[in-house]
Each structure stands twice: as structure tokens, then as C-alpha cells.
Amino acid sequence: MKSYCVLLIALMQIVVLMCGQISFAGTWRDDFEDRITREWKIYNLDRQVENWWVNKGEAVGRIFKRGFMSLWLTGELDWENYSVSCRGKLVKERNDPAYIGLTLHDRGEEDTRYLFFINFFFGTVSIIKASPRNWSTRTFPFVSDIDTWYHLKATVNDGQLEFQVNGQVFVSEDSSPLKSGQAGLVVGNAEGRFDDVAITGVNIKNGGPGRARAVDRQEALTTTWGRIKQDR
């Protein structure tokens, strides 16, 4: 009995030690209900052509300058291997290709980032690695509509890049991955709206001005029930 107790204590110590070494993912949220935007910053702001603001509990981004995009960034430069999810829709566009999307591992002045776009003009989605010397792009067909909400989720994990639009998954790989960077929302030659931003990663702390959506739980149950029906 004594030896059993000694063994049990030893096992408990190992479990405690292992738990102390595990990094649990945190989630930073913004649902834009407070109308405060101090957590966000427009990259390389040009006040004459771009603007971001909050309207009716949604973030609105606008830029109508040919060949340019507007990035609204949040977070820290040391964020790495994380996911960004939100709802987004394009509400106005010009003749040039118009798009909305996400940026991850964005390092601002270094001009390096991963971009995940819905391109409404061409009927595609794109996963892009952008650097000062080169843009590496992978494009997939995806028909989208203006003034329609889409559920977007982009993930970077050690060079594995994944973009989900309404549950449809698009993937790419980067053999020389960008190390880390901020997250953000992107608009090009358009006005877009975004809501329910959630950024999750192992070195991201729980926080942000947003609250977890109660509907998330119901959506999970709906997805699970759909899978059960398919399995039958």
C-alpha cells in the first residue's frame, strides 16, 4: 500500500509539471459595440483616401484609390501562429477589382504580411505572402455577392496557411514563413463592413473589448448535428 501511494504521488507530480509546461490558447475579441477604436490603427494612413470607423456595432473600412488597399491593424508584433475570424461583407465597390479580407503576421513598416482576400470582381479568393520584393499568390475560384455577409477565418501555423469562407477551406504553404506580426482587417477599392472579430493563439491573452457570442455555441451544435446526420 505504501509503495502504491508513493507511485501515485510521483504520477501526480509529473502531471502537475506537465500542466505547467502546456500553453493554453487565449482569444482577443472585438464586437465593436463600444464604438471605441483605440485598439486599432490604420497602417500608413492617408486621410485623403481612406477611413475606418464604427457604425451600428460594425467596423467600416473605406478606400477608393486604384491599386491601393487599407489595413486596420491590432495586436502585437510578437503574435505568431494564430487564427483570425470575423464576419465581413462588401457594400460598395468601384470598377477596379474590389476585395475585403484579413491580414496576419503583419509587420507594418517592414511591409511583410499574409493576406487572405475575397475578390468580388474576379470571383476568387486569394492567399498571399507579401514582402517588399515579391508577392506570392495562390488563387482559388469562389463566387461571391455584394452586400452579403461571409464568415471568414484565416490561420497561420508554421508556414501552413488556411483560409475558410463560409466553411469552405482553401490552403497554401510557405517554406520560409514570416515569423510573427499583428492582425487586421483589409479593404481594397471598396467599402466593407466587419463584425465579431476573434483572434486566437497560444501567445495571445484573453481580452479585448468584445464579448464571446452566445450564438457561437448554437452554431457549434448545429455543425455537430449536421455531421451526425451525414454520418448516418
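Strands here are DSSP runs of E at least two residues long, numbered from the N terminus, and two strands pair if DSSP finds at least two bridges between them. This is a predicted model, where local features need pLDDT of at least 70 and side-chain atom pairs count only at pLDDT 80 or more, while totals for chains, interfaces and linings use all residues. Residues are numbered from 1 along each chain as its sequence is written, and side-chain values use heavy atoms, with hydrogens and water left out.

**Stop 1: the open sheet.** Pick out seven strands in the order S2-S5-S14-S7-S8-S9-S10; they form an open sheet with antiparallel pairing. At its edges sit S2 (41-42) and S10 (135-141), each pairing on one side only. Now select 113-119 and 124-130: these are S8 and S9, antiparallel and joined by seven bridges. Asn 119 has Thr 124 of S9 as its bridge partner.

Stop 2: Go to the loop between S1 (26-30) and S2, where you'll find Phe 32. Phe 32 isn't a glycine, yet its phi is positive, about 65°. Arg 35 lies in the loop between S1 and S2 too, and its phi is also positive, near 65°. Which of the two is buried, and which exposed? Phe 32 is buried (under 20% relative accessible area, with exposed meaning over 50% and partly exposed in between, using a 1.4 Å probe and protein chains only), at a relative accessible area of 1%. Arg 35 counts as exposed, at 55%.

**Stop 3: S6, S11 and S12.** Select 82-93 and 150-157, which are S6 and S11: they run antiparallel, with six bridges between them. Find Gly 88, and opposite it you'll see Tyr 150 in S11. Lys 153 has its bridge partner, Gln 164, in S12. Two residues separate the strands of this S11-S12 hairpin, and Asp 158 there takes a positive phi near 50°.

**Stop 4: a pocket.** Finish by selecting Ile 63, Gly 67, Phe 68, Met 69 and Leu 71: of the 23 residues lining the second largest pocket, these lie nearest its centre. A pocket is an open set of points on a 1 Å grid over the protein atoms alone, where a 1.4 Å probe fits and protein lies on both sides within 12 Å along at least five of seven lines; lining residues have an atom within 4 Å of a point. This one holds about 400 Å³ of space, the volume being what probe spheres set on the points fill, with points joined across faces, edges and corners.

Notes:
Helix = DSSP H or I, 4+ residues; strand = E, 2+ residues; numbered from the N terminus.
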